[in-house]
Amino acid sequence: GLVPAHIIARELDIRLIETFCIASYDHARPDAAAGEAVLLKGFTAAAGGAGWLVIDELVDTGRTMQLLRRHAPEALYAAVYAKPLGRPQVDLYVTEVSQDTWIQFPWDTEIQYAKPLVER
């Protein structure tokens, strides 16, 4: 959600973007139960998140947003794309797609190999 969050922040002249990190896929967190959303990096949401806007590019099953709502129930939740299972977990979305739709985001694709700036 960082790419759409940046775009929205720029358009609304918001200078502070907070991030949270969640693993919700087996390949991302092999020690987690299948489909379990695990908060890897949290955030402090004063006043239950009132005044916060939480943005993600896609709400799929809704598990990620459910986890975040427990930490910041008063925040406003938005997504670019919403699938039927996840739609109830967001307050706003741009468009709905079917549950079986796979969306390839430009920031997740690589047209050609890009050498890292720093070798490790």
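**Overall layout**

Modeller: The protein chain has two helices and five strands. Helices (H or I, at least four residues) and strands (E, at least two) are DSSP runs, numbered from the N terminus. This is a predicted model: local features need pLDDT of at least 70, side-chain atom pairs count only at pLDDT 80 or more, and totals for chains, interfaces and linings use all residues. Residues are numbered from 1 along each chain as its sequence is written, and side-chain values use heavy atoms, with hydrogens and water left out.

Biologist: In what pattern do they follow along the sequence?
Modeller: The pattern reads α-β-β-β-α-β-β.

Biologist: What percentage of the residues is buried?
Modeller: Buried residues are 30% of the 120 in the protein chain. Buried means under 20% relative accessible area, exposed over 50%, partly exposed in between (1.4 Å probe, protein chains only).

Biologist: Which residues make the largest nonpolar core?
Modeller: Twelve residues: Phe43, Ala45, Val54, Val59, Met65, Leu68, Ala72, Ala75, Tyr77, Ala79, Ala82 and Val90. A nonpolar core is a set of buried Ala, Val, Leu, Ile, Met, Phe, Trp, Tyr and Cys residues joined through side-chain atoms within 4.5 Å.

Biologist: Which elements give two or more residues to this core?
Modeller: Strand E3 (53-59), helix H2 (63-71) and strand E4 (76-82). E4 gives the largest share, three residues.

Biologist: And valine 90, what is that in contact with?
Modeller: Setting aside neighbours within four places in sequence, valine 90 touches Val59, Met65, Arg69, Tyr77, Ala78 and Ala79. Contact means heavy atoms within 4.5 Å.

Biologist: New topic. How many aromatic pairs are there?
Modeller: Two. Rings of Phe, Tyr and Trp (its six-membered ring) pair if their centres lie within 6.5 Å; planes under 30 degrees apart count as stacked, over 60 as edge-to-face and the rest as tilted.

Biologist: Why does the pair of phenylalanine 105 and tryptophan 107 count as stacked?
Modeller: Because their ring centres are 5.0 Å apart and their planes are at 15°. Ring pairs also link Tyr81, Phe105 and Trp107 into a cluster.

Biologist: Is phenylalanine 105 buried or exposed?
Modeller: Phenylalanine 105 is buried, at 8% relative accessibility. Tryptophan 107 is partly exposed, at 37%.

Biologist: Now leucine 12. Where is that?
Modeller: In helix H1 (residues 2-12). Leucine 12 is exposed, because its relative accessible area is 53%.
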